[in-house]
Amino acid sequence: MAAQPHDSPHGRFRYGPWRGGPDPLAPPYDVRSAVDAIGREVLAGGGVREALQDLLRRGLSGRQGLDELRERIRRMRESARRRGDLAGTLDQVRAALDQALAEERDQLAAEPTDAARMAEMELATLPDDTAGAVRALSDYQWHSPQARQTYESIKDMLRREVLDAQFAGLKQALSGGDPETMQRVKDMLADLNALLAAHARGEDTTDQFRAFMDRHGEFFPEDPQDVDELIDALARRQAAAQRMMASLSPEQREQLAQLMSEALADPDLASQMSQLSDNLRALRPGLERGRPVGMQPGGPSLGYSEAVEAVSELADLESLERQLSQGYAGSTLDDVDVETLERRLGSAAAADVQALRQLERELERQGYLTQGEDGLRLTPRAVRRLGETALRRVFSHLDAAARGDHDEQRTGQADEPTGLTRPWVFGDELPIDAARTVGNALRRGGIRPGGVRLEVEDFEVIETERRTTAAVALCVDLSFSMVQEGRWGPMKQTALALSHLVETRFRQDALQVIGFNIAARRLSPVQLAEVEPEWVQGTNLQHALMLALRHVRRHPDAEPVVLVVTDGEPTAHLGPDGIPEFMWPPTSATLRATVAQVDELARYGATLNVFMLGEDPGLARFVDAVARRAAGRVFTPDVSRLGEYVVADYLRARRGRRSA
């Protein structure tokens, strides 16, 4: 826990729990809870990578997961698609043009001259399309000053829209039509193209960028911090403009392109804008350009710059939705554009994604996951954590009185420390824990001149428990029927709980987990946690018992215990050549081979107990016969209590040492 210092009477520091609000050193996630969540998925038969992805999608510790963030993005995307009509600029130009023509015709009707009649004929022959009419009127001699002003406002409006679409905020700066402001824009474009060209050549543009922003920063409300951020902002807006144009009908696209060309009739301005477009294409070739967006028809008319902004927002949302889905090959949380996410969903959403990124890295840094050739894998540390959780769950339901007390604490030659201590009581012969005893005296204030005074209540003893040695073989059925009937997860949890119990409480015992389907194989705890269902037919109990016998024989001084968890009668055995043979229904050869291994275990003196899952009549008859031959027992636990039965039976079986 985080701590804060306090002044002490001796001028030193002493530390205690943090009291200044939320712990500033606390991580934004609970790594152990994450391991448990991943473990539950893995123990149910899933892969590690899939389990981690499920955890990231759900979220952890009260933080939004990827699914919730993606759903918010989806709703925003649907709203953005209904923003308005992308071709609204054409409507606005058409309305202004109609107004100018009406004003001009009123003026011409009031003039009784031949020039007025010729002008009326010229207006009558204008092209029907908006762009063609605007272009045809570029050399027209207006009779109405008001009509001329209205027509000129069309070009000014288009110029502002084009520039604002590329540079956020320019439309307002250009709204007054001030020639001086336009010249400043041209100067900015010239400096910008020079900066981008230098950057493309690989030059150090740090000072040049700083000077550029000092001079022209008013045109960039995004406040980029370096050249790359500036390029990204401009390239995204250019790509959005091209996508907006691609989303129009061919007729609308052609007319709007002509109007844009008319708006940039100034040669200097047109040249600088063309050079800027080429620079951005070269510097950011990977941006999606020209792909139409799915805007819904209807809604208010949008100006050119508003339409580009709408498309830019929609493009951001589409990209974020794809990144958050993590549904493509090689996807990672590093793919998520956190800055764009913060811009669209706020700082809380960005913090949640950053926390999920940290969680993914922290699981590897703390040694719970490792990157192997075949992807993410659980580490032994993670498997120990899963075993600890599984064992805790077993003991929380285990009825000690009915199953046998696993906390046997009689003294004797085989006593071993449990890691726990308790206050000394009269008659205890357990070893004294000197460190805790002296610590108790110091906390009580037992410091005296010349040393520390100990009182009776200061003493603590080290708990020990009597140990017996056992060689345990746990044979678990890996056939696909275990998955189909929902027994796979409980089976793996049971095996991991028993493995953790042996590793932490009975370290002198030798446990071997053996998995079997068409053939049997030894499994380490990590392999057991990661083992996945295989679509193979066969339940080769004979091979599993063969490996179990080899294991217990390697420990001749230990109590031999063989535990079998299965849900089907034997349907496979090893042939004379060592190759598994499968047959359904079971053949007499398979049954004889399996019973022969049972007899071998019985002659060696091994305890053989079977935990039968399901209600297979054939299996019931077989295990009853096996139990009689091996003087063992048969359990038929509910699958949810399998762990309790297996652990309790192990504890009971290892109580007494095998007689010579």
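**View 1. Salt-bridge network of Glu71, Arg74 and Arg75.** Glu71, Arg74 and Arg75 are connected through a network of salt bridges, a salt bridge being a side-chain nitrogen of Lys or Arg within 4 Å of a carboxyl oxygen of Asp or Glu. The model is predicted: local features need pLDDT of at least 70, side-chain atom pairs count only at pLDDT 80 or more, and totals for chains, interfaces and linings use all residues. Residues are numbered from 1 along each chain as its sequence is written, and side-chain values use heavy atoms, with hydrogens and water left out. Helices (H or I, at least four residues) and strands (E, at least two) are DSSP runs, numbered from the N terminus. Glutamate 71 is partly exposed, with a relative accessible area of 31%, and arginine 75 is also partly exposed, at 47%. Buried denotes under 20% relative accessible area, exposed over 50%, and partly exposed in between (1.4 Å probe, protein chains only).

**View 2. Salt bridge between aspartate 228 and arginine 284.** The side chains of aspartate 228 and arginine 284 form a salt bridge of 3.3 Å, N to O. This pair links distant parts of the chain, 56 residues apart: aspartate 228 belongs to helix α11 (residues 227-246), and arginine 284 to the loop between α13 (267-283) and α14 (304-325). Aspartate 228 is partly exposed, with 36% relative accessibility. In the whole structure, a search finds 23 salt bridges.

**View 3. Nonpolar patch and the surroundings of leucine 454.** Val438, Leu442, Ile447, Val452 and Leu454 make a nonpolar surface patch of about 400 Å². Patches consist of residues with over 30% relative accessible area and no salt bridge, like charges being joined within 9 Å and nonpolar side chains (Val, Leu, Ile, Met, Phe, Trp, Tyr) within 5 Å. Accessible areas come from the Shrake-Rupley method with a 1.4 Å probe; for residues, only the protein chains shown count as cover. Leucine 454 lies in the loop between β7 (451-452) and β8 (460-465) and is partly exposed, at 38% relative accessible area. Arginine 453 forms a salt bridge with glutamate 455, with 3.3 Å between the closest N and O atoms. Arginine 453 is partly exposed at 49%, as is glutamate 455 at 27%.

**View 4. The two sides of helix α25.** The buried residues of α25 are Gly618, Leu619, Phe622, Val623, Val626, Ala627 and Ala630. They cover an arc of only 155° around the axis, so they lie on the same side of α25; the arc is that of the directions from the helix axis to the C-beta atoms. These buried residues pack against α23 (541-553), β12 (559-566), α24 (588-604), β15 (607-612) and β16 (634-635), where contact means heavy atoms within 4.5 Å. Pro617, Arg621 and Arg628 are exposed on the other side of α25. Arginine 621 has a relative accessible area of 60%, and its C-alpha atom is 9.0 Å from that of glutamate 569, 52 residues away along the chain. After α25 comes alanine 631, whose phi is positive, near 55°.

View 5. Tryptophan 584 and proline 585 are joined by a cis peptide bond, with omega about -5°. Proline 585 is located in the loop between β14 (580-582) and α24.
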